[in-house]
Every structure is written in C-alpha cells, then in structure tokens.
Amino acid sequence: MVTCEQMKISLVLYLLFFSSISFGQGITTPEGYELLAEIEGNLDRDQVCEKVLVYETSEASEFGNIREIQVLKYTNGKWVVWKNSCNAILKSQEGGIMGDPFEEISIENGILTISFSGGSSWKWFYKDKYRFQKDEFELIGHTSTYGKNCEYWA
C-alpha cells in the first residue's frame, strides 16, 4: 500500500523530471556568433522568467565586432527571440586600450542592467538600466564614472 508521503515524493519527482525536460531545451547559438553572457529573470512582470543572451557577432566595425543582446521568451515549448538590439552592448574594442568594455548583465526587480568599463590611464565605468514598459525596453538610468587613479574621480 502506498502512503500519502510516498505519493507526495513521487509527485514531486515526476514534476521535477518533466519540468527539466520542458525547460531544458537548448538554445542554438547563431552561426558566426559567440555567447558572452546569459541570465534569466522576470523582465515583463508576467511571473515567467525571460532569458537574456549577449552575443559577439562576426560582423566587424571600426571599433571591433558588433555585439547583440537578445531577450527570449519560452513559448510553445521552446525559447524564441522576443526582443533584440545591436546598439545596447558596446563593440568589442570600444574599451580603449583596455579592449573589451563588456563586464556583465544582471536582472533585479525586473530591471536589466548592463555594465561596461574601459580607458587607459583615465578609466571609465558605465551602467545602463532598462525596464520593459510601453511594450519596449526603455533606458531608465545611466551611470557614468570616470577618473585617473590617485588623481581624480567624478
């Protein structure tokens, strides 16, 4: 005879197994792209997490390779690109002598934050914050810090 406790454990294991299958669907990196960062979080306040990917493309520019950020939604059993931009992420060599300016992406309280740094003897740090509103991701904050070590910081 199966006890109530055994049924609960079986149900939990069953749900874990099938949720890992349905949400474990891999995302194929587009040809010529390299994945730089990936994070999940709820960006549109619908109680379902989105996935944010930052790619380096093979498309060159004056300041290095163009980067693309993609926001994916889980729809009909697979991840699909919902929103994307090639302007939100600085290019691969826009960090000056320090090279790649991209640091990280994060999601907190539905806000997507993208951080950058670069410079030479003068260093700079940028932090852009985006919120999903009016059916788009809008820039709601930009922080810029710069200075020269041991001399000046603004």
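Let's start with the pocket. Strand β4 gives the largest share of the lining of the largest pocket, three residues. Strands here, like helices, are DSSP runs numbered from the N terminus: E with at least two residues for strands, H or I with at least four for helices.

A word on the model. It is predicted, so local features need pLDDT of at least 70 and side-chain atom pairs count only at pLDDT 80 or more, while totals for chains, interfaces and linings use all residues. Numbering runs from 1 along each chain as its sequence is written, and side-chain values use heavy atoms, with hydrogens and water left out.

Back to the pocket. Its space comes to about 230 Å³. A pocket is an open set of points on a 1 Å grid over the protein atoms alone, where a 1.4 Å probe fits and protein lies on both sides within 12 Å along at least five of seven lines; lining residues have an atom within 4 Å of a point. The volume is the space filled by probe spheres set on the points, which are joined across faces, edges and corners.

Who lines the largest pocket? Ile69, Val71, Lys83, Asn84, Ser85, Asn87, Ala88, Leu112, Ile114, Tyr130, Glu136 and Phe137. Two or more residues each come from β3, β4 (78-85), β6 (111-119) and β8 (136-148). By class, that lining has seven nonpolar, three polar and two charged residues. Nonpolar covers Ala, Val, Leu, Ile, Met, Phe, Trp, Tyr, Cys and Pro; charged covers Asp, Glu, Lys and Arg; the others, Gly among them, are polar.

Next, Arg131. It sits in strand β7 (residues 122-133). The cut-offs: buried is under 20% relative accessible area, exposed is over 50%, partly exposed is in between, with a 1.4 Å probe and protein chains only. Beyond its neighbours within four places in sequence, Arg131 is in contact (heavy atoms within 4.5 Å) with Arg45, Ile111, Glu136, Phe137, Glu138 and Ile140. Its C-alpha lies 6.5 Å from that of Leu112, 19 residues apart along the chain.

Now the charges. How many salt bridges does the whole structure hold? Eight. The criterion is a side-chain nitrogen of Lys or Arg within 4 Å of a carboxyl oxygen of Asp or Glu.

Take Lys51 and Glu40, N to O at 3.2 Å. Lys51 is in strand β2 (residues 50-61) and Glu40 in strand β1 (residues 34-41), 11 residues apart. Lys51 is buried at 8% relative accessible area. Glu40 is partly exposed at 46%.

Then Lys73 and Asp44, a salt bridge at 2.7 Å, N to O. Lys73 lies in strand β3 (residues 64-75) and Asp44 in the loop between β1 and β2, so this pair ties together parts 29 residues apart in sequence. Both are buried.

Third, Arg67 and Glu56, at 2.9 Å, N to O. Arg67 is in β3 and Glu56 in β2, so parts 11 residues apart in sequence are tied together. Arg67 and Glu56 are buried as well. There is also a network: shared partners join Asp44, Asp46, Glu50 and Lys73 through salt bridges.

Finally, the whole chain. It has one helix and nine strands. The order is α-β-β-β-β-β-β-β-β-β. Of its 154 residues, 32% are buried. Among contacts with a separation of 6 or more, 37% join residues 24 or more positions apart. Accessible surface is about 9,900 Å², with 54% belonging to carbon and sulfur atoms. That area comes from the Shrake-Rupley method with a 1.4 Å probe.
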